[in-house]
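Here is a short report for a reader new to this structure. Look over the sequence and the model, then read on.

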Amino acid sequence: LFPKSPTLKNYKDLLDDGRVLIGYRTTLLILLFGLPLNMILTSSFAYGMSRKGYPGRRILFYLVLFTMIFNGGVIPMYMLMNELGLTNSIWSIVFAYGINTFYMIIMRNYFSTIPTSLIESAKIDGAGEWRTLFRIILPLSKPIIATMTLFYAVDRWNEWYYAMIFIRKSELLPLQLILRNIVVDSQVRANAASGG
């Protein structure tokens, strides 16, 4: 329960390892570029799905819901990123995770609770769909925007899966993969030292 000889050597070794700073830099870049993209795509798509007069809304919603249940897989995604020339770049991670379907459904449900009379009055005043979204819907939706921003920020901060698939350059690995590599390296050294 009580350590006999506490030491901070492991923390010093972790901070001396230059890979940690690279991981922080890459993770912050993914967060900086990915979070605004996630929020713009999710809020605009959720707004379109919440509009009752949108043609083909129900079919499109079920198609999007289908992608939540049945994923296309890793190989087609890798082939797409490779064809676009985005492998070994941060953009492959940013673009691979554009919209989380579950988050979009939550935001769509919130937008559906906003009275349609506000949207109709904006139409009467000559506002288009984009102006309605940015001037009426989003200012009234601060709670859901804050929630989705937090959800996406945590997802982007913990991003490791797409980075593991698309990134081969060690100077572009995010923090989660760097920490995993450090743990694996220390386990290999411990096994070698113990003779196992």
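## Fold at a glance

Helices here are DSSP runs of H or I with at least four residues, strands are runs of E with at least two, and both are numbered from the N terminus. On that basis the protein chain has 11 helices and zero strands. Read from the N terminus, the order is α-α-α-α-α-α-α-α-α-α-α. Keep in mind that this is a predicted model.

The protein chain has a radius of gyration of 22 Å, while a compact globule of 196 residues would have one near 16 Å. Along the principal axes, the C-alpha atoms fill a box of roughly 75 × 40 × 30 Å.

Contacts reach across the sequence. Take those between residues at least 6 apart: 78% of them join residues at least 24 apart.

## Surface and charge

How much of the protein chain counts as buried? The share is 33% of the 196 residues. The accessible surface comes to about 12600 Å². Carbon and sulfur atoms account for 66% of that surface.

The charged side chains number 19 positive and 11 negative. The centres of these two sets lie 5 Å apart.

## The nonpolar core

The largest nonpolar core holds 41 residues. Within this core, M107, F111 and I137 touch the most other members. Several helices supply at least two core residues each, among them α2 (19–50), α3 (57–69), α6 (101–112), α8 (129–140) and α11 (175–194). Which helix gives the largest share? That is α2, with seven residues. In soluble globular proteins, nonpolar side chains tend to be buried together.

M107 shows how such a residue is placed. Setting aside residues up to four places away in sequence, M107 touches M39, T42, S43, A46, I144, I145 and M148.

## Y47, a buried residue of α2

Y47 sits in helix α2. Is Y47 buried or exposed? Its relative accessible area is 6%, so Y47 is buried, the cut-off for that being under 20%.

Beyond its neighbours within four places in sequence, Y47 is in contact with F111, I119, E129, T132, L133 and I137. Y47 and M104 are 57 residues apart along the chain, and their C-alpha atoms are separated by 9.2 Å.

## T101, in helix α6

T101 is part of helix α6. Its relative accessibility is 12%, so T101 counts as buried. Which residues does T101 contact, leaving aside neighbours within four places in sequence? They are V64, T67 and M68.

A second pair gives a sense of distance. T101 and E159 lie 58 residues apart along the chain, with 17 Å between their C-alpha atoms.

## Two loop residues

N88 lies in the loop between α4 (74–83) and α5. Its phi is near 60°, a positive value in a residue other than glycine. Most residues other than glycine have a negative phi. With a relative accessible area of 25%, N88 is partly exposed.

E171 belongs to the loop between α10 and α11. Not counting residues up to four places away in sequence, E171 touches I22, R25 and T26.

Note on methods: Residues numbered from 1 in each chain as written. Predicted model: local features only at pLDDT ≥ 70, side-chain atom pairs only at ≥ 80, totals over all residues. Heavy atoms only, no water. Rg over C-alpha atoms; globule rule 2.2 N^0.38 Å. Buried < 20%, exposed > 50% of the residue type's maximum accessible area, 1.4 Å probe, protein only. Contact = heavy atoms within 4.5 Å. Areas by Shrake-Rupley, 256 points an atom, 1.4 Å probe, with all protein chains shown as cover. Lys, Arg positive; Asp, Glu negative; His and termini not counted. Charge placed at Lys NZ, Arg CZ, Asp CG, Glu CD. Core = buried A, V, L, I, M, F, W, Y, C linked by side-chain atoms within 4.5 Å.
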